[in-house]
Amino acid sequence: MSFPPRRRVRLWFGRHLLADYIGDPASADRHEAAMRRRFPGLHITNEPLRTSDYNPADLHR
């Protein structure tokens with residue numbers, strides 16, 4: 001089964017995950033930029049969602 005490209009944006013406080021967002025690449029980039037403006041001192045990751053990470057609920061996020 002082929003899935004549309006998705007990216008996962010995460011907001012971290014040390015090793016603690018504070019927020020997790022999954023969306024299409026353009027939305028993920030906008031979300032990452034907004035999080036960087038709002039939380040400039042925290043670590044933010046923006047990574048491709050691996051096929052093995054897909055969950056049917058992710059397709060509707």
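The exercises below use a predicted model.

**Exercise 1. Which side chain makes a polar contact with the side chain of arginine 8, and is arginine 8 buried or exposed?**

Step 1. Locate the residue. Arginine 8 is found in strand S1.

Step 2. Check the polar pair. The side chains of arginine 8 and aspartate 20 come to 3.0 Å. The cut-off is 3.5 Å, so the pair counts as a polar contact.

Step 3. Check accessibility. Arginine 8 has a relative accessible area of 14%. Buried means under 20%, so arginine 8 is buried.

Step 4. List the wider surroundings. Beyond four places in sequence, arginine 8 touches Asp20, Tyr21, Ile22, Thr45, Asn46, Glu47, Leu49 and Asp53.

Step 5. Arginine 8 and proline 48 are 40 residues apart along the chain, yet their C-alpha atoms are separated by 6.1 Å.

**Exercise 2. What is the strand order of the sheet, and which strands stand at the edges?**

Step 1. Pair S1 with S2. Strand S2 covers residues 16-23 and pairs with S1 in the antiparallel sense, over seven bridges. Within this pairing, tryptophan 12 has leucine 17 as its bridge partner in S2.

Step 2. Look at the turn. The hairpin of S1 and S2 has two residues between the strands, and glycine 14 takes a positive phi near 65 degrees there.

Step 3. Pair S1 with S3. These strands run antiparallel and are joined by six bridges. In S3, threonine 45 is the bridge partner of arginine 10.

Step 4. The order is S2-S1-S3, an open sheet of three strands with antiparallel pairing. S2 and S3 each have a single partner strand, so they stand at the edges, and one side of each is left without a neighbour in the sheet. From one strand to the next, the twist averages 20 degrees.

**Exercise 3. Which residues make up the largest nonpolar core, and where does isoleucine 44 lie?**

Step 1. Strand S3, residues 43-48, holds it. Its relative accessibility is 5%, so isoleucine 44 counts as buried.

Step 2. Name the core. Its five residues are Val9, Leu11, Ala28, Met35 and Ile44. Strand S1 (7-13) and helix H1 (25-38) are the elements that give two or more residues to this core.

Step 3. Trace contacts beyond four places in sequence. Isoleucine 44 meets Val9, Arg10, Leu11, Glu32, Met35, Arg36 and Phe39. Methionine 35 touches Leu11, Ala19 and Ile44.

Step 4. Compare sequence with space. Isoleucine 44 and arginine 10 are 34 residues apart in sequence, but 5.6 Å apart C-alpha to C-alpha.

Note on methods: Residues are numbered from 1 along each chain as its sequence is written. This is a predicted model: local features need pLDDT of at least 70, side-chain atom pairs count only at pLDDT 80 or more; totals for chains, interfaces and linings use all residues. Side-chain values use heavy atoms; hydrogens and water are left out. Helices (H or I, at least four residues) and strands (E, at least two) are DSSP runs, numbered from the N terminus. Buried means under 20% relative accessible area, exposed over 50%, partly exposed in between (1.4 Å probe, protein chains only). Contact means heavy atoms within 4.5 Å. A nonpolar core is a set of buried Ala, Val, Leu, Ile, Met, Phe, Trp, Tyr and Cys residues joined through side-chain atoms within 4.5 Å. A polar contact is a pair of N or O atoms within 3.5 Å; within protein, one must be able to donate a hydrogen and the other to accept it, and residues adjacent in sequence count only if both atoms are side-chain atoms. Two strands pair if DSSP finds at least two bridges between them. Axes are lines fitted to C-alpha atoms, for helices over the stretch in contact, and angles run from 0 to 180 degrees between N-to-C directions.
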